[in-house]
Amino acid sequence: MAVADYPHPSSEGRSANMRANRRTDTKPELALRHALHQRGYRYRKDFRLDLASGKRVRPDIAFTARKVAVFVDGCFWHACPEHGSKPKANEWYWSPKLVKNVERDRINDAALILAGWTVVRLWEHVPLDEAIATVVKALETSREAGQRPEAGQPPEAGQPPEAEGGQPPPDASLS
């Protein structure tokens with residue numbers, strides 16, 4: 001079996017830096033999850049979705065009842081047009097890899113949308129309050145598109161608890 005070409009690290013420091021990168025639980029993702037949880041939203045983290053098309057997708061945050069998938073994309077790994085950087089060392093390896101990451105993101109987005117999901121993609125540099133507002137708006141939009149629970153039934157998973165009269169409690173809103 002042939003082993004694919006893999007770049008040699010430019011330094012031990014760079015190696016340590018790359019080993020420290022995480023697939024899940026990044027600082028921006030943790031901050032967003034914590035803020036959403038404080039506001040009463042419940043979700044699944046790094047939840048594998050097996051779509052009817054046969055595609056498997058792992059959103060960073062999944063609101064399964066509302067079918068809202070949230071991704072918090074790192075600027076380097078997902079080629080942010082504003083902050084993404086192109087490595088100078090081992091360019092032959094990194095350029096195609098980063099392009100494939102972006103292509104995979106688009107394919108996953110299309111598969112989720114085809115399966116009836118709302119996709120929210122946030123860059124890691126987006127301010128937390130803006131990220132929260134974006135996710136909450138997607139959840140509210142999906143709630144309006146779906147059916148509301150009958151009176152006396154518990155709210156669907158992933159939704160903040162509701163007070164009498166169907167209104168969210170004051171601590172579940174952004175204002």
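Let me begin with a term: a residue is called buried when its relative accessible area is under 20%, exposed when it is over 50%, and partly exposed in between, using a 1.4 Å probe and protein chains only. What we have here is a predicted model, where local features need pLDDT of at least 70 and side-chain atom pairs count only at pLDDT 80 or more, while totals for chains, interfaces and linings use all residues. Residues are numbered from 1 along each chain as its sequence is written, and side-chain values use heavy atoms, with hydrogens and water left out.

Now to the aromatic rings. Rings of Phe, Tyr and Trp (for Trp, its six-membered ring) pair if their centres lie within 6.5 Å, and planes under 30 degrees apart count as stacked, over 60 as edge-to-face and the rest as tilted. By this rule there are six aromatic pairs. One of them joins Tyr43 and Phe63, whose planes stand at 70° with ring centres 5.9 Å apart, so the pair is edge-to-face. Phe63, at 0% relative accessibility, counts as buried, whereas Tyr43, at 23%, counts as partly exposed.

In Trp92 and Tyr93, the ring centres are 6.0 Å apart and the planes are at 70°, so this pair is also edge-to-face. Trp92 counts as partly exposed at 47% relative accessibility, while Tyr93, with a relative accessible area of 17%, is buried. Both residues belong to one aromatic cluster, which is formed by Phe76, Trp77, Trp92, Tyr93 and Trp94.

Finally, a charge sits over a ring if NZ of Lys or CZ of Arg is within 6 Å of the ring centre and within 35 degrees of the ring normal. Here the charged end of Arg121 sits over the ring of Phe71, 4.0 Å from its centre.
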